[in-house]
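Please look over the sequence and the model below before reading on. The text then goes through the structure step by step.

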Amino acid sequence: MLQRLREDINSVFARDPAARNFLEVLTNYPGLHALLAHRMSHWLWRRNLKWLARTLSQLARLLTGIEIHPGATIGRRFFIDHGMGVVIGETAEVGDDVTLYQGVTLGGTSWNKGKRHPTLGDGVIVGAGAKILGPFTVGTGAKIGSNAVVTKEVPAGATVVGIPGKVVQRSEPDDPEAIAVDPERREAMRRKFGFDAYGVSQDMPDPVARSIQAMLDHMHAVDERIERMCTTLRKVDASYRDGRLPELRDEDFADILDEGCPPIQGADAASRAAQQEAQDTPDHQAPPRRHNG
């Protein structure tokens, strides 16, 4: 028992740089208090003293703000940082060396009895406010981003962010991503369209930013293919000339963009109605045209 307590306290020192000494951790860390209370309530639960186990878990919730159902299975060196608002359901299973931050929910999506809460593998890290809902497995070493909502299985070593949760990074995060396009042309296109994935890094990518980046890469690939086609046509037909589309200048649309389209009133409305009637009239019923002269 004392060995397990020492192991739990050492896990706090390993994952929280704010921890200064043994006494501070033992007396001022609600995550540790909730874990110790859960170990006792889980012991009672397994011996069919369920009312007493639930009462103890609710008392721990009142004191720490952390609700762990006594039926949940918790592994070794489990660490809850800050902890307020953490909820762990009855059939949840948590592996060794798992870290949860405040506001995390390991919940269920069914009212049926049986397994209805998630299973977390060893070394999983779940960010603040994340919700993991359902009877699936979060693989070993996976990371769940803050405020993510995860409703399906997560591969080992993956990083999940967003609502609903999407896998944005797998294992070996230090390996650079292979770029299939010219980086300089990609950057030039990014500047042309004014896109900048602000705050995005390899450590915490953004799914929306990646989607836009993929669209830019696709446009770049299409542009290169068109250039190759034009080069081939020039070789086949020397008289072939490249046709260039007219440029759209901002000043050509300045008045419209600044003022918007004016409302239809008076004679303008009558003129537009006459044009619309002429378009709707079939060709065989169109009135004869008048010729001057």
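The model is predicted. The protein contains 8 helices and 15 strands. Of its 293 residues, 32% are buried. Among contacts between residues at least 6 apart in sequence, 33% join residues at least 24 apart.

Which residues of helix 4 are buried? They are Ala-53, Ser-57, Ala-60 and Thr-64. After helix 4 comes Gly-65, and the phi of Gly-65 is positive, near 80 degrees.

The next point is how helix 3 and helix 4 are placed against each other. Two packed helices are described by the angle between their axes and the distance between the axes. For helix 3 and helix 4, the axes come within 8 Å and cross at roughly 175 degrees. Angles over 145 degrees count as roughly antiparallel, so helix 3 is roughly antiparallel to helix 4.

Where do helix 3 and helix 4 meet? On the side of helix 3, the contact is made by Pro-30, His-33, Ala-34, Ala-37, Met-40, Ser-41, Leu-44 and Trp-45. On the side of helix 4, the residues are Lys-50, Leu-52, Ala-53, Arg-54, Leu-56, Ser-57, Ala-60 and Thr-64. By class, this contact of helix 3 with helix 4 has 10 nonpolar, 4 polar and 2 charged residues.

Is Glu-24 buried or exposed? Glu-24 counts as buried, because its relative accessibility is 17% and the limit for buried is under 20%. Leaving aside residues up to four places away in sequence, Glu-24 touches Ala-18, Ala-19 and Tyr-29.

Some details of the backbone lie in loops. Arg-77 is in the loop between strand 2 (73-74) and strand 3 (79-80). The phi of Arg-77 is near 55 degrees, a positive value in a residue other than glycine. Arg-77 is partly exposed, with a relative accessible area of 24%.

His-82 lies in the loop between strand 3 and strand 4, the latter at residues 87-88. Its phi is near 65 degrees, again a positive value in a residue other than glycine. With a relative accessible area of 54%, His-82 is exposed.

Pro-164 is found in the loop between strand 14 (159-161) and strand 15 (166-169). The peptide bond from Ile-163 to Pro-164 is cis, and its omega is near -10 degrees.

How values were computed. Residues numbered from 1 in each chain as written. Predicted model: local features only at pLDDT ≥ 70, side-chain atom pairs only at ≥ 80, totals over all residues. Heavy atoms only, no water. Buried < 20%, exposed > 50% of the residue type's maximum accessible area, 1.4 Å probe, protein only. Helix = DSSP H or I, 4+ residues; strand = E, 2+ residues; numbered from the N terminus. Axes fitted to C-alpha atoms, helices over the stretch in contact; angles between N-to-C directions. Parallel < 35°, antiparallel > 145°, perpendicular 65-115°, else oblique. Contact = heavy atoms within 4.5 Å. Nonpolar A, V, L, I, M, F, W, Y, C, P; charged D, E, K, R; others polar.
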